[in-house]
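Dear colleague,

I am handing over the structure that we discussed, and my notes on it follow below. Please read them with the model open beside you.

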Amino acid sequence: LFRSIVFCDASQIHSVNEKKRNRFLGLLEKTIVPIALNDKNNSNIYPSFHPKCWILQYVNLSNRKKLKYKLLVMSRNLTFDRSWDVTIQLDGHRMDGATDAQTRRLIDFVNFLKQQSNDYAAAFLDELVADLKYVKFETSDNYFYDFEFLPIGIGTFDIKKDHLFDTYTVQSITVMSPFISKSVIQKLMTNRFAPYSQQLITREAELYKIKDLPRNFTVFCLQDEIIDGENNISDAGITDNKTEDIHAKIYVTKDYNDICNLYLGSMNASENAITRNVELLVKLTSKSLSPYVFLCELGVYRKNFKQIDFDSLDFVPIEQPLQKGEDAIKRICRMDISAQIIDCGNGNFDIEITIPDYQECETQTTISPFFAKGICIPLASNITIKKLKINQLSEFYTLHVEYDGNVMERTIKIPTDGMPE
């Protein structure tokens, strides 16, 4: 028996091209749980549901108690992006006694997911939590002798109080993060250390954010020929070429007692990540690894990366033309949206969509039933979509957002009553 649940940020379900849509996608409705986190500070900066984690359970059908697990914590999204990411795999098996001490924070994270779930997903997560209390996870790498799960943004753990930000015990640090904030880099890269003991690996487009910081750390970025490599080697006329850059989030620290900690997962070195978003990291402890060993294995000192000379750079912030559209979609996903299907007879159905707290955005926004081609209706507090056939009904809808000559599409899921069985 195979079951799956996918939790995702409600505003980040990218649309499938209409020509590639088939009714099979409708079978995924119960298994996809969109999460729209509230703006706790009323700052109009919407938190992201940002963890990247797979929990895989394998069942021995002849003996239900013989369970095996694989836990993947990573930086990679469920997309076709070609950037550089990182994954760690932990293998787990069921023990006779409870292992709450090791899995407590992982269980906290799963319980948080349950609070966001529909009934189908909640029942599955109840079973998962009951099993995880007896699961022991292990790494397959001799580098590490201990590890911890660090769920961020769910109220049970504060990353700012973790050893990662303890500049009194950390002797050296390497940070790899595609997106950064000046304030977070300033906290991580203390003035007490020499530049060679502190390294930052990031995207070149982010460098303007730290141009005013003291030069007490070295900075590396991917070489241009790697970022644009696919364009350089592809045949003329191919239009699907994609650039690549780092997307991994990795932190390596070494203490004065030679103990090293490796953090990896979804958390960028940004204020949004450490104060607003929901994230997940795994912290692994070692006496064999060090920031220098990590940099060597990554190829930082070879041809993959270039060291940044800040004096030779022209710091120009990169424009973000899509941000207005992203913000509009995030606001819509946090509105109280519901739908009702009405059977009009003769195989025809109407859908009534209600948004009692609807507020107009600066963008032009329309909505379409996911499986109904050619129907596009302006978003409003009350919408009626008429004369749909049963094979056009779904809880999935497509938002079309237009602004300043830009167009964005996202798929959203709307709770819908009256769906025919």
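Before the helix pair is described, a word on terms: axes are lines fitted to C-alpha atoms, for helices over the stretch in contact, and angles run from 0 to 180 degrees between N-to-C directions. Helices (H or I, at least four residues) and strands (E, at least two) are DSSP runs, numbered from the N terminus.

This is a predicted model, in which local features need pLDDT of at least 70 and side-chain atom pairs count only at pLDDT 80 or more, while totals for chains, interfaces and linings use all residues. Residues are numbered from 1 along each chain as its sequence is written, and side-chain values use heavy atoms, with hydrogens and water left out.

Helix 1 (residues 100–115) packs against helix 2 at an angle of about 170°, and their axes lie 10 Å apart. The two helices are therefore roughly antiparallel, a term used for angles over 145 degrees. On the side of helix 1, the contact (heavy atoms within 4.5 Å) is made by Thr-103, Leu-106, Ile-107, Val-110, Asn-111, Leu-113 and Lys-114, and helix 2 contributes Ala-122, Leu-125, Asp-126, Leu-128, Val-129 and Leu-132. These residues divide into nine nonpolar, two polar and two charged, where Ala, Val, Leu, Ile, Met, Phe, Trp, Tyr, Cys and Pro count as nonpolar, Asp, Glu, Lys and Arg as charged, and the others, Gly among them, as polar.

Helix 2 itself (residues 119–132) has 14 residues and reaches 20 Å from its first C-alpha to its last, close to the 20 Å expected at 1.5 Å a residue, the expected span being 1.5 Å times one less than the number of residues. Its buried residues (under 20% relative accessible area, with exposed meaning over 50% and partly exposed in between, for a 1.4 Å probe and protein chains only) include Phe-124 and Asp-131.

Two residues other than glycine have a positive phi: Asp-258, at about 70°, and Lys-387, near 55°.

As for confidence, the mean pLDDT (the predictor's confidence in each residue, from 0 to 100) of the protein is 87, and 92% of its residues reach 70 or more. Confidence is lowest in helix 5 (residues 229–233), at a mean of 53, and highest in strand 16 (residues 348–354), at 96.

With best regards

Note on methods:
Angles under 35 degrees count as roughly parallel, over 145 as roughly antiparallel, 65 to 115 as roughly perpendicular and the rest as oblique.
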